[in-house]
Amino acid sequence: MAAALDDVFARLRAHSKLERDTALAELQTILLASDSLTKKDVAREIECLLKDDSKWESRHGGVGASLVLFDQLKNDELRSYASKFVQLLRSKTIEFVGKAEEENRVRILAGQVFGRLCARLGKEMYAQSRDDILSIIRQNMEREDQAEPESQAQAQAPIQPSNPSAQDESSIEGPKKIFHDTVGWKNLEAGMTCLHHSVENLGLLFDEFVDFDFLDLLFSCLVHTNRFVRETGFRLLSSLVSTPRPVPATDNDLPAACQSQGGQRCRQHVALYQQELCDALARGLADNWSQVRFAASVAAREFLLAFNEGEERQRHFARLLPRICLNRYYVAEGVRIYSQETWKLVTCEQGRILIENYIASFIDFYTSQTRADNHAVREAACACIAELGAKISHSPMEDHVRRLLPCLLTCFRDDSWPVRDAACVACGNFVKCFPSNCR
């Protein structure tokens, strides 16, 4: 047994991730048949790995091994000899999450382990580290730009005009904006991930920690310049607004699922700050990055289904339904399929009626998206407008035809051929359904 453990912990320091993962699997097998003495020895070895400053692979292996050991400890062991190990693990995970020089893989895994601690030991574990986690997020909302290598700067910079005076502010700020939107944001992203795991694992127990300051910090992350931070923020928001409910297995179960949603109560912070949450979700559903848009789509479904079917839910339809409807045609498959399912769940087979009831909101959003910078968004907007002409009754549409046609004609001359194709289909639908309005 001792020789096997020595071999496992030697491979947990390996440079190869595959070798470390294999060692973790073997450690789990050993712990399944071990006694308390063996677990104590394992805890001491893990402590050495967590304190190893020579190479990040050792700390990564130590964090992974701590998760394996923690899952094997019984409740009475956690309250006795393992309590010291648990406190060490709590402090080291928070240290790794907040350490800017730490390897990103160590920071992200440490956040996951802290979430598991919260799931097993309850809200007291989060309460002990709450100020540290929120402080990591607040202190890293902005970053100081480090000098980039000349070759990297040239690769990211757009082609400049021959006349320097022709350069405008957007062309100068372009590379910097792209850099900020795409590069990892170090321990801000790790802090958000740690907080997300805490919220997800504590569930309803986390509600007592949600106040105005917490939500204000979250809203700041949802509009952050970096897409990874926004994506993590919307995943956190999804866990924060979700309410337990039955999920339909097939489309045939949709009517029953809609009926079963009645009588539930949304969480208190959702009811108090629903308008602010709705506005944040509306921005996320129209984000230029597909990953952020998908995370916001998940959060939007949780948000709408948290309310009873009726006035409580419908007060947010004008803001959110047009965006969900457009995303049913979005080019990213994950966003498209998820939005189609959300549309069925939220509208409960009353989609056409709801569009007619909120037709002005749909028209406003669709026309604005025909002017979007992203060609995939313009294509989806044209497809949605074509759908209006083909599926919605004439009376609510007649007053808006003359407003939609100029947008379609503009898209008809778009540089992207899929946009032109979608605009062509939409124009055909409107000429066929509203011939007098199209003259």
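Begin with helix α3 (36–50), which supplies five residues, the largest share, to the lining of the second largest pocket in this predicted model. Select next the whole lining: K39, K40, A43, R44, E47, L69, L73, Y81, A82, K84, F85 and L88. Besides α3, helix α6 (83–98) also gives two or more residues to it. The pocket holds about 220 Å³ of space, and its lining consists of seven nonpolar and five charged residues, with no polar ones.

Turn now to the aromatic rings. The whole structure contains nine aromatic pairs. Select F294 and Y338, an edge-to-face pair with 5.4 Å between the centres and 65° between the planes. This pair links distant parts of the chain, 44 residues apart: F294 belongs to helix α17 (residues 290–305) and Y338 to helix α20 (residues 333–347).

Proceed to F362 and Y366, another edge-to-face pair, 5.9 Å centre to centre with planes at 75°. Both residues lie in helix α22 (residues 359–369), four residues apart, about one turn of the helix, and both are buried. An α-helix has 3.6 residues a turn, so residues three or four places apart point the same way.

Select Y126, F206, F209 and F214 together to display one aromatic cluster. Then select R120, whose charged end sits over the ring of F70, 5.4 Å from its centre. R227 likewise lies over the face of F228, at 4.2 Å from the ring centre.

Finish at helix α19 (residues 317–327), where nine of the 11 residues are buried, among them F317, R323 and N327.

How values were computed
Residues numbered from 1 in each chain as written. Predicted model: local features only at pLDDT ≥ 70, side-chain atom pairs only at ≥ 80, totals over all residues. Heavy atoms only, no water. Buried < 20%, exposed > 50% of the residue type's maximum accessible area, 1.4 Å probe, protein only. 1 Å grid on protein atoms, 1.4 Å probe; cavity = no way out; pocket = protein on both sides within 12 Å on 5 of 7 lines; lining within 4 Å. Points joined across faces, edges and corners; volume = space filled by probe spheres on them. Nonpolar A, V, L, I, M, F, W, Y, C, P; charged D, E, K, R; others polar. Phe/Tyr/Trp six-rings, centres within 6.5 Å; stacked < 30°, edge-to-face > 60°. Lys NZ or Arg CZ within 6 Å of the ring centre and 35° of its normal.
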